[in-house]
Amino acid sequence: MKHLMDMGKFIDYKQDLKIEDKTFQKLMFLYSIAIKEMETKIEILKDEFKILHDYELINHVISRIKEPQSIVNKMQKRNLELTYQNMVENVNDIAGIRIICPLKKDVFSVKDVLQKMSNIQILKEKDYITYPKKSGYSSYHLIVEVPINLSQMDIYVKVEIQIRTMAMDFWASLEHKAKYKPMLGEISQKESKEWVNCAKMIHKLENKMLQLY
Ligand code: 0O2
């Protein structure tokens, strides 16, 4: 099994990381193929449940390649030297896919199916649904490796998959805008507490609606 770091023939990992360089673009290209491969698998799963089982397991799927500057910021925040090797080995969410499910039980069904897929490797799991983050954030995270078929070899590339309900996504999307990319400076402690309260309310509402459903 070969990994991205085994692409030394095509990628010079010893160079310093520069987001405008060809090497950076080559790596982003490989991450974008991994996204396409994983997205296809998830779309098939979505359609299988819809068509064969008459059940909406997945509401929608979104994907993105992390912004170059966000990659650099993350590495600097972790005091990592800006090299391609450090990027490939330590930044796990360059290729990211988000799966939005209607209900909490669907989130766990999706992760069970992904865990059983024969051609992907699960590297890491974080269950922020059973154990939400201090911020109130809820989601199920998987770091997986997906094989991409290149002309000369198959390579396993890391993809972060976030699985969450529509209600969790509603909270996370707004909170992310407010907290992670602040236009008007840092948010206050009081505001942070309010976000946690909102997460708790959403959690309660979601459980209540699930019972009704
Ligand atoms: P963006 O803009 O979404 O890319 P890892 O190497 O994956 O183990 P990491 O990256 O610290 O370590 O993992 P973590 O905290 O499990 O997950 C990071 C991602 O989860 C974030 O990506 C967010 O997308 C999401 N996330 C984590 N905590 C919160 C939170 O409190 N609120 C919201 N809204 N989202 C959160 P990035 O890189 O921060 O940003």
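How do the residues of the lining of the largest pocket divide into nonpolar, polar and charged? They divide into 9 nonpolar, 11 polar and 18 charged. Here Ala, Val, Leu, Ile, Met, Phe, Trp, Tyr, Cys and Pro count as nonpolar, Asp, Glu, Lys and Arg as charged, and the others, Gly among them, as polar. This is a predicted model, in which local features need pLDDT of at least 70, side-chain atom pairs count only at pLDDT 80 or more, and totals for chains, interfaces and linings use all residues. Residues are numbered from 1 along each chain as its sequence is written, and side-chain values use heavy atoms, with hydrogens and water left out.

**Largest pocket**
- The space in the largest pocket is about 1400 Å³, a volume being the space filled by probe spheres set on grid points joined across faces, edges and corners.
- A pocket is an open set of points on a 1 Å grid over the protein atoms alone, where a 1.4 Å probe fits, with protein on both sides within 12 Å along at least five of seven lines; lining residues have an atom within 4 Å of a point.
- Of the 38 lining residues, Lys66, Lys74, Asp93, His176 and Tyr180 lie nearest the centre.
- H5 gives the most to this lining, with 6 residues; helices (H or I, at least four residues) and strands (E, at least two) are DSSP runs, numbered from the N terminus.

**Helices H5 and H6**
- H5 (residues 166-179) and H6 (residues 189-212) pack at an angle of about 170°, with axes 10 Å apart.
- Axes are lines fitted to C-alpha atoms, for helices over the stretch in contact, and angles run from 0 to 180 degrees between N-to-C directions.
- H5 and H6 are therefore roughly antiparallel, a term for angles over 145 degrees.
- Residues making the contact (heavy atoms within 4.5 Å) include Phe170 and Trp171 of H5 and Trp195 and Ile202 of H6.
- By class, this contact has 10 nonpolar, 1 polar and 3 charged residues.

**Loop residues**
- Asp54, in the loop between H1 (22-52) and E2, has a positive phi of about 50° although it is not a glycine.
- Asp54 counts as exposed at 70% relative accessibility; exposed means over 50% relative accessible area and buried under 20% (1.4 Å probe, protein chains only).
- Asn79, in the loop between H2 and H3 (84-90), is not a glycine either, yet has a positive phi of about 55°.
- Met7, in the loop between E1 (2-3) and H1, is buried, with a relative accessible area of 4%.
- Beyond its neighbours within four places in sequence, Met7 is in contact with Tyr13, Leu30, Leu150, Met153 and Ile155.

Methods. Parallel < 35°, antiparallel > 145°, perpendicular 65-115°, else oblique.
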